[in-house]
Protein chains: 4
Amino acid sequence: MQLGMVGLGRMGANLVRRLMRDGHRCVVNDVSPDAVRALEGEGATPAFSLEELVERLERPRTVWLMVPAGVVQETLDHLVGLLDPDDTVIDGGNSYYRDDIARARALAEHGIRYVDCGTSGGVWGLERGYCLMIGGEPGPVERLAPLFRTIAPGAGSAAPTPGRTRTDGTAPQGYLHCGPSGAGHFVKMVHNGVEYGMMAAVAEGLGIIKHADAGLRARTADAETAPLSDPEAYRYEIDVAEVAEVWRRGSVVGSWLVDLTADALARSPQLDDFTGRVSDSGEGRWTVLAAIEESVPAPVISAALYQRYESRGLGEFTAKVLSAMRSEFGGHAEKRSGADA
Amino acid sequence: MQLGMVGLGRMGANLVRRLMRDGHRCVVNDVSPDAVRALEGEGATPAFSLEELVERLERPRTVWLMVPAGVVQETLDHLVGLLDPDDTVIDGGNSYYRDDIARARALAEHGIRYVDCGTSGGVWGLERGYCLMIGGEPGPVERLAPLFRTIAPGAGSAAPTPGRTRTDGTAPQGYLHCGPSGAGHFVKMVHNGVEYGMMAAVAEGLGIIKHADAGLRARTADAETAPLSDPEAYRYEIDVAEVAEVWRRGSVVGSWLVDLTADALARSPQLDDFTGRVSDSGEGRWTVLAAIEESVPAPVISAALYQRYESRGLGEFTAKVLSAMRSEFGGHAEKRSGADA
Amino acid sequence: MQLGMVGLGRMGANLVRRLMRDGHRCVVNDVSPDAVRALEGEGATPAFSLEELVERLERPRTVWLMVPAGVVQETLDHLVGLLDPDDTVIDGGNSYYRDDIARARALAEHGIRYVDCGTSGGVWGLERGYCLMIGGEPGPVERLAPLFRTIAPGAGSAAPTPGRTRTDGTAPQGYLHCGPSGAGHFVKMVHNGVEYGMMAAVAEGLGIIKHADAGLRARTADAETAPLSDPEAYRYEIDVAEVAEVWRRGSVVGSWLVDLTADALARSPQLDDFTGRVSDSGEGRWTVLAAIEESVPAPVISAALYQRYESRGLGEFTAKVLSAMRSEFGGHAEKRSGADA
Amino acid sequence: MQLGMVGLGRMGANLVRRLMRDGHRCVVNDVSPDAVRALEGEGATPAFSLEELVERLERPRTVWLMVPAGVVQETLDHLVGLLDPDDTVIDGGNSYYRDDIARARALAEHGIRYVDCGTSGGVWGLERGYCLMIGGEPGPVERLAPLFRTIAPGAGSAAPTPGRTRTDGTAPQGYLHCGPSGAGHFVKMVHNGVEYGMMAAVAEGLGIIKHADAGLRARTADAETAPLSDPEAYRYEIDVAEVAEVWRRGSVVGSWLVDLTADALARSPQLDDFTGRVSDSGEGRWTVLAAIEESVPAPVISAALYQRYESRGLGEFTAKVLSAMRSEFGGHAEKRSGADA
């Protein structure tokens, strides 16, 4: 098939490469002309404006947006004047699923189809393929199946699920039509919430193992902090990198995230390159908002989100209030305050 | 009654003052002779050693320890050689209740009685009285009732509980024999766990109100961090100090902790004197350990404990592991990393 | 002053009574004519329709809505056609603060003033007074001061804050103009979030004390559940009702919520009348949503919210997924599954 | 090598089978003679008592215990009288690592070596191999290397870690000597803690997706519960089983646990066979205890632990206290109570 790609960042460019490798033809556009030229050198058709992109696509056109969430709307506003009925726009980025509902409705008024597609795989997707979570009307989603099949990892990328008896469905190939508009980004949003929780579980575990030497280190012996009750039980100096490596094989926690953690620790055993200020993009937050609105408890994913907030020092005023209270009832300055009374 | 006080820190000295005001006689000892002389000037009988203290007490003696948890054991070891059968030692500090069980047993071999007494009230106890949570055998606890009555706030310090029909019991006077050895410190331990949770609830709430102006402040517009979805909904500059003050009257969250918070914010509206590194002494930790062993969920108290850990930067390695993972799958350095893939 | 009250539930009726006691004149309306007549018997002017209510009020009129959040909008829609410029509507219920912003704007188009007022105090407010958190333009808020002064508990209801030096401000009287439209309900929303956290802290603590007898009870000795590691450390049968009572005096956790808990336990020591299905109204949820959007960590309040969800069984499917996973890797049925492998 | 296996449950029996397949000789013992005979039929040497087992092993003997944690101590007490200096006992079960320290010390007095070995892999280990986390002195651990190599999955079971430059170390083969006595079970303990967190993350995510249809279901319209604010945003009926299937390929959350979840959902899309009462064995609890003692925040793993407690109804009294408080300040019975005041 032919596809127009808008946005040639790491994800967009690799999607184009993966599509071209499999014989699809791509017209490519980016705010950076250099990015366009780079992919032209790899066989793509260049387009230095949206107008040019639209012009070079055969009807019904297929335009895939792989741009930051913050510029999706303006890109759509621009495109809507250029496209024709029955053309399809795919938002492959990390938009909020509620925006999809509104956007699909707005484009439908012009006869333009809208598909939301959550795309997971990171920088590894070029080789591994991307997991695709898709929302929208059945018609355009089915028309785009050849693209999804190419982008997704394919059935061979994991062993068959033993208990699976149904033989239809595309999930084993790594892409899934989840439901109407927004359903793709909804599932991708929750996917990222799960990601937060899994990452936090691994990180906390390795943190606990790292500090298994607490009994070997002198701890400030003031009234401020509880002393370690059993220092002799925390005298292990365990090689955290090797633990991550061994968990990659045969263990219950085996996962791609553990694979990546093992890799990071192999490169930098103390992780000195990192400050530990962990960003969060919108999807973790939205997942928690959805849980709260649906009345589904999500303590683990929420804790993972707040852990990221804490890592960036965002709880500072809250902590100051705690210190102030302790000072009030204990009668001490923060540093000298005694036991909680 | 006559009482020997070992440990003349803020809590110990104020206990002595409150007891003397009510006509009790106190023999006082401390590692600092100056502290002993200061209370001698207020009418107490000085004792510059444990030997002298024991000598000056009439039998059966009553010795109240108000020393750091870390020196209780050595003080007991010293005292056990000086005391006689039927003397009583009270540990009024913040010992771990499990230590009480062992200590009561050890002292019982010498016929010495042991009472554990959790003491809440902080620097305000001199005027307000102290809430006492007591463990030990009924005999010595009953013998000490005159002391407990003086130290506790008394029935008039709070309105009667409307639904209370039983007329026995000392709880309305502010002291309670909770059970056998360790029960007093167990209840005090949990009291402090509750304190952690209540403090955190107030502090988080005020933090949220403080940041109700988020929509007025520019937020870094990078792919790192989710933008504020509705900035116009966060345009309030609310006077947090006045909020604490108004909550003191008629509201459901009215409490001594809110009173203290209002006071701290009245003195320092931005809490600039505090760094927000919040210490934790043993009792919060032990409360969570007890919950886990009893199989009782305690998510709120645990979250409050971890919040204190986070405030001191103790999750740093864990956060570095998170950053490392994000770098691995996103292919970026920590500062430039894009959306979670 | 004269005030029209719409909604004569427990809160609305008691507000009217408290206002009339202090000499204010009230016109009262409710969907139930009986409720109107009951207050007529206590001296209020009856109004059996909104039309009648508006007719009987002197201009500029003051109408206080004390109706369920779900019917505020329709009531306003009705009122807007009846009121005149410079009349004021107060929403004293638990509306979402974002709705206030829209409503104030809509009413302003008709010259009608809108004030949002969070009202805390529950069924005790008639005697204790209500804590009022107010949002809106300064003009109408100032005009209503005589009403707020009567409804609030007054300065004498709590001891002065020692560190408070400013002599202006109404917070010490128990009411506070927090900011523009929505600010009152915003602060009330967070107030309720704090309430969730404080309640949970107290409840968890008493739960831990209640189960301090875990070592006395036989625990199923299967591979399913971890055995109690130190049963001898959990042999206390502590009177939870008396603990709540003693914490009311002199302790750091002293609070109205502990007062109420002591009362409930005095009436029903085992709380047999309760099932433990804990409802949550909107404000706890909204507080967490605000924390997440502001990027302020709120782990304690969130945990308290989820605890309520769990108490109503809302995590059932999630738990089934956990059981299913354990079954998959452990090879057992739910009831027979062994140790986590 | 030759090995004596004590305990022929699923794990023990499969370890024997995997060892024999690779040419090792096994003497097997179990409390059930049938279990012994069954493995005899597969080529093992039967031993119907520990005495017989010890007799049939060549010196220095190697005895692997695969028995419930609760009977390890008595088995060791029995074995210590039968073994000779330089014999080695391996505890391959889920003992608490602190017990290992004491046991290694006690056996060392008789010259007997003790190795603790955390074994992950569940019922799948026979085919996939087991991840082994080993503690003890270097001597015996090295002597046992041929056994560990057979039991572990081997290097080919996962792709090499790209960043790994060191060529020594056994972790890539799936077994790791983590440190002195207890280190193996310490790492296995934390492994299971991570497992709790990862499982919870997946389960919560699927729960949120399952309830994405909340807007399609009527919700009780009472004052008890917050209404769904945007029902039109929750109108998705998403096939949770297919989501788990698609996440197996190319996504960041790809993991063995997601594989197993997909399998469970393929077999039973509604998980009707499960009640959702999730057990917890000791290792999740111990992980949290270690985190607290080390002062490392572990909010995610703790939340996962409490989620299991909640699933078994263990928070009931705590929830009743909450209901009682709401009743007190709201003046309602549990079912009829209105908004939080």
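Biologist: By what turn and what shift along the axis can chain D be laid on chain C, and with what RMSD?

Modeller: Happy to. Please keep in mind that this is a predicted model. Chain D can be laid on chain C with an RMSD of 0.1 Å, by a turn of 180° and a shift of 0.0 Å along the axis. That is the relation of a two-fold axis. Among the residues of chain D, D:Glu310 comes closest to this rotation axis, its C-alpha lying at 3.3 Å. Both copies use the same surface, since 100% of the contact residues of chain D recur in chain C.

Now to chain C and its contact with chain B. Here 100 residues of chain C are in contact with 100 residues of chain B. About 7900 Å² is buried between the two chains, and carbon and sulfur atoms give 64% of that area. There is a polar side to the interface as well: 44 residue pairs are in polar contact, both residues of a pair being at pLDDT 80 or more. On the chain C side, the elements that give two or more residues include the helices α5 (97–108), α9 (183–210) and α12 (282–294), together with the strands β7 (131–135) and β8 (175–179). The most comes from α9(C), with 17 residues. Sorted by class, this side of chain C has 56 nonpolar, 25 polar and 19 charged residues.

Charged pairs also cross the interface, with 10 salt bridges found between chain C and chain B. One of them joins the side chains of C:Arg164 and B:Glu242, at 2.7 Å from N to O.

Inside chain C, two pairs deserve a look. C:Arg98 forms a salt bridge with C:Glu293, the closest N and O atoms being 2.8 Å apart. C:Arg98 lies in helix α5 and C:Glu293 in helix α12, so this pair ties together parts that are 195 residues apart in sequence. C:Glu293 counts as buried, at 12% relative accessibility.

The other pair is C:Arg61 and C:Asp84, whose side chains meet in a salt bridge at 2.7 Å, N to O. C:Arg61 sits in the loop between α3 and β4, and C:Asp84 in the loop between α4 and β5, so they tie together parts that are 23 residues apart in sequence. C:Arg61 is buried at 9% relative accessibility, whereas C:Asp84 is partly exposed, with a relative accessible area of 21%.

Key:
Residues numbered from 1 in each chain as written. Chains lettered and ligands numbered in written order. Predicted model: local features only at pLDDT ≥ 70, side-chain atom pairs only at ≥ 80, totals over all residues. Heavy atoms only, no water. Contact = heavy atoms within 4.5 Å. Buried area = accessible area lost by both parts, 1.4 Å probe. Salt bridge = Lys/Arg side-chain N within 4 Å of Asp/Glu carboxyl O. Polar contact = N/O pair within 3.5 Å; in protein donor to acceptor, adjacent residues only side chain to side chain. Helix = DSSP H or I, 4+ residues; strand = E, 2+ residues; numbered from the N terminus. Nonpolar A, V, L, I, M, F, W, Y, C, P; charged D, E, K, R; others polar. Least-squares fit on C-alpha atoms with pLDDT ≥ 70 in both. Buried < 20%, exposed > 50% of the residue type's maximum accessible area, 1.4 Å probe, protein only.
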